Amino acid sequence: MLLHWLGWREYYYTIFLYDKVLHFLAGASIGLLSIWTLQEKKQKHVKIKSIMLVFLIGIIWEISEYIIDHSIGISYNLMALQQGRVDTFWDIMADLMGGIFLLLML
């Protein structure tokens, strides 16, 4: 959450790929937590379920950014969390790449 707050402090716009690195790290973190949880419960298909969870949480995060932007009324200015459909697509892809990278490293 601190890193997202720093993004509001204009790091999103001054540091190259700051947003994508955060999404990559978030995907890896969610993947790691889900693998630990699913393995502890002796679930089958842990890696597939983990990637699905990373994808789901990434989508929920993007929806929450959209809702925040439109409820506060700051959409499409410099403080907006959502920068359009292309940004949303690459944010979710960065989440998935982080989750897949983690799975490949384990």
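At 11% relative accessibility, aspartate 19 counts as buried, where buried means under 20% relative accessible area, exposed over 50% and partly exposed in between, with a 1.4 Å probe and protein chains only. The model is predicted, so local features need pLDDT of at least 70 and side-chain atom pairs count only at pLDDT 80 or more, while totals for chains, interfaces and linings use all residues. Residues are numbered from 1 along each chain as its sequence is written, and side-chain values use heavy atoms, with hydrogens and water left out.

Aspartate 19 forms a salt bridge with lysine 20, with the closest N and O atoms 3.0 Å apart; a salt bridge is a side-chain nitrogen of Lys or Arg within 4 Å of a carboxyl oxygen of Asp or Glu. Lysine 20 is partly exposed, at 22% relative accessible area. Lysine 20 also pairs with aspartate 87, at 2.8 Å between the closest N and O atoms. That pair links distant parts of the chain, with lysine 20 in helix H2 and aspartate 87 in helix H4, 67 residues apart. Aspartate 87 is buried, at 13% relative accessibility. Aspartate 91 forms a salt bridge with lysine 20 too, the closest N and O atoms being 2.6 Å apart. Here helix H4 supplies aspartate 91 and helix H2 supplies lysine 20, 71 residues apart. The structure holds 3 salt bridges.

How exposed or buried is aspartate 91? Its relative accessibility is 0%, so aspartate 91 counts as buried. Setting aside residues up to four places away in sequence, aspartate 91 touches Asp19, Lys20, His23, Glu62 and Glu65, a contact being heavy atoms within 4.5 Å.

The protein chain has 4 helices and 0 strands; helices (H or I, at least four residues) and strands (E, at least two) are DSSP runs, numbered from the N terminus. Helix H2 has 23 residues, which at 1.5 Å a residue should span 33 Å, and its end C-alpha atoms are 33 Å apart, in agreement. The expected span is 1.5 Å times one less than the number of residues. For helix H3 (residues 46-72), the 27 residues should span 39 Å, and the 38 Å between its end C-alpha atoms agrees. The buried residues of H3 are Val46, Ser50, Val54, Gly58, Glu62, Glu65 and Asp69. After H2 comes lysine 42, with a positive phi near 55 degrees.

The largest nonpolar core consists of 6 residues: Ala28, Ile35, Leu38, Val46, Leu102 and Leu103. Such a core is a set of buried Ala, Val, Leu, Ile, Met, Phe, Trp, Tyr and Cys residues joined through side-chain atoms within 4.5 Å. Helices H2 (18-40) and H4 (85-105) are the elements that give two or more residues to this core, and H2 provides the largest share, 3 residues. Beyond four places in sequence, alanine 28 touches Gly98, Gly99 and Leu102. Isoleucine 51 lies in helix H3, and its C-alpha atom is separated by 9.7 Å from that of alanine 28.

On the surface, Phe16, Leu17, Val21 and Leu25 form a nonpolar patch with about 430 Å² of accessible area together. Patches are made of residues with over 30% relative accessible area and no salt bridge, with like charges joined within 9 Å and nonpolar side chains (Val, Leu, Ile, Met, Phe, Trp, Tyr) within 5 Å; accessible areas come from the Shrake-Rupley method with a 1.4 Å probe, and for residues only the protein chains shown count as cover. Phenylalanine 16 is in the loop between helix H1 (2-14) and H2 and is exposed, at 73% relative accessible area.
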